[in-house]
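Reader: I have the sequence and the fold on screen. Walk me through some packing, please.

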Amino acid sequence: MGNVIITGGDLKNKGAQAMTFITVDEIKRRFPEERIYLAAGTGTAEDRVKAEPFQFEIIDAAICDLKGLACVNRFMRLLLEMRYGKRVYHEAYRKLWQETDLLIDISGYSIGTDWGIVTSLLAALRGKIAALFGAKVYYMPQSFGPCNFSGLKGKCAEILLKKWLSCADVLFAREKQGYDLLVSKYRLTNVRLSCDLVLQNQKIDLSNVYKVIPNMLRFEIKPRSIAVIPNAKTLRFGREDKLLSLYQNVISGMLNGGYFVYLIFHSSEDRKICERLKAFFAEEEKVILIQDELSCVEYGRLAKQFDFIIASRYHSIIHAYKEGVPCIVLGWSVKYRELLSLFGQEKFVFDVRGEIDEVKLSTMIMEMEKNCDKYAEQVKQKLEEIQKENVFDAVEIG
């Protein structure tokens, strides 16, 4: 019996939660004797409270960067203790690493210029630390790049990224652009191209995730309804005033078309945006704000009841596609276009980093309304093909 450490996941963001649940389930099925740890905590008693309902433990996320680095050798520990203090090292962390067989990173996107040098290096470092302790290392399907780090720090970062990422047994790139970056720029030979692990998954056995499976919230969605799922990141990458105005216009258009509009937050950080949008339609009963914090399972059951979804969260699109529901997408990176291209529906994606043509957006919404069944069938057919693959089939314990 050994340990499996999952990094890059959490329980607040529903995409990260779904990847966490799927990874726990897949590991339980394949390696039932392994102890599973989610490195998403703070190293306090609160971690134990959060983990209580689950079949895994939550541990200090820093065990996979600075505190993990302190476990590697005494000299490194001394340097880190001088800089950050005694709390940087715990003997229990070293023991945990020594008993670890496998590290699985499920970050959706953490290496690239958008996240900066420090975040990118720490994401690569976790694999290096695991490899130093003899564990197998897998970076599950995620976005990589662009990596255009400048200056002397940037050059050093590029060297370290290449060195540390080469320690992984397999790096799964979710997009062709990321695959080409890792192969061409960093000359890595451990790279495979594979679509999102949530998309590949057919079903989660919740008894592998929960100690006691909780009662799930259920919603009865009215006929002729669509969902709007915003993303706080789009307000940072695009112009906030323009985007809020765009959402208002889209919602007004759907109301004029006789639809009910449900506002849903797929991550807790998006709740305020949904509340702001509802405030624009405070007296309109056909604009409905779902205020409940949903699990990824509850969201999937909810999503399948809509005609289509207007989405900005990457995994809200993934969840919708898993239920055969097509989407209009307001995105902010190449991952959105590549995802919709995979399903032959790239004409429905709009990039918030530039000026969105509202006439074209309106035309695409009307196209979706008119041919929703056709696009739903396209999604279902492609999903059936995708789910013939399971990225966890590549996972081995040495």
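Author: First, a term. Helix axes are lines fitted to C-alpha atoms over the stretch in contact, and angles run from 0 to 180 degrees between N-to-C directions. Note that this is a predicted model.

Reader: How are H14 and H15 oriented to each other, roughly parallel or roughly antiparallel?

Author: Helix H14 spans residues 314–322 and helix H15 spans residues 334–342. Their axes lie 10 Å apart, at an angle of about 10 degrees. Angles under 35 degrees count as roughly parallel. So H14 against H15 is roughly parallel.

Reader: How many residues of the contact of H14 with H15 are charged?

Author: H14 brings Tyr 314, Ile 317, Ile 318 and Tyr 321, while H15 brings Lys 335, Tyr 336, Leu 339 and Leu 340. Seven of the contact residues are nonpolar and none is polar. The charged count is one.

Reader: Is Ile 397 buried or partly exposed?

Author: Ile 397 sits in the segment after helix H17. Beyond its sequence neighbours within four places, Ile 397 touches Phe 31, Glu 34, Asp 101, Leu 102 and Lys 136. Buried means under 20% relative accessible area. Ile 397 has 25% relative accessibility, so it counts as partly exposed.

Notes
Residues are numbered from 1 along each chain as its sequence is written. This is a predicted model: local features need pLDDT of at least 70, side-chain atom pairs count only at pLDDT 80 or more; totals for chains, interfaces and linings use all residues. Side-chain values use heavy atoms; hydrogens and water are left out. Helices (H or I, at least four residues) and strands (E, at least two) are DSSP runs, numbered from the N terminus. Buried means under 20% relative accessible area, exposed over 50%, partly exposed in between (1.4 Å probe, protein chains only). Contact means heavy atoms within 4.5 Å. Angles under 35 degrees count as roughly parallel, over 145 as roughly antiparallel, 65 to 115 as roughly perpendicular and the rest as oblique. Ala, Val, Leu, Ile, Met, Phe, Trp, Tyr, Cys and Pro count as nonpolar, Asp, Glu, Lys and Arg as charged, and the others, Gly among them, as polar.
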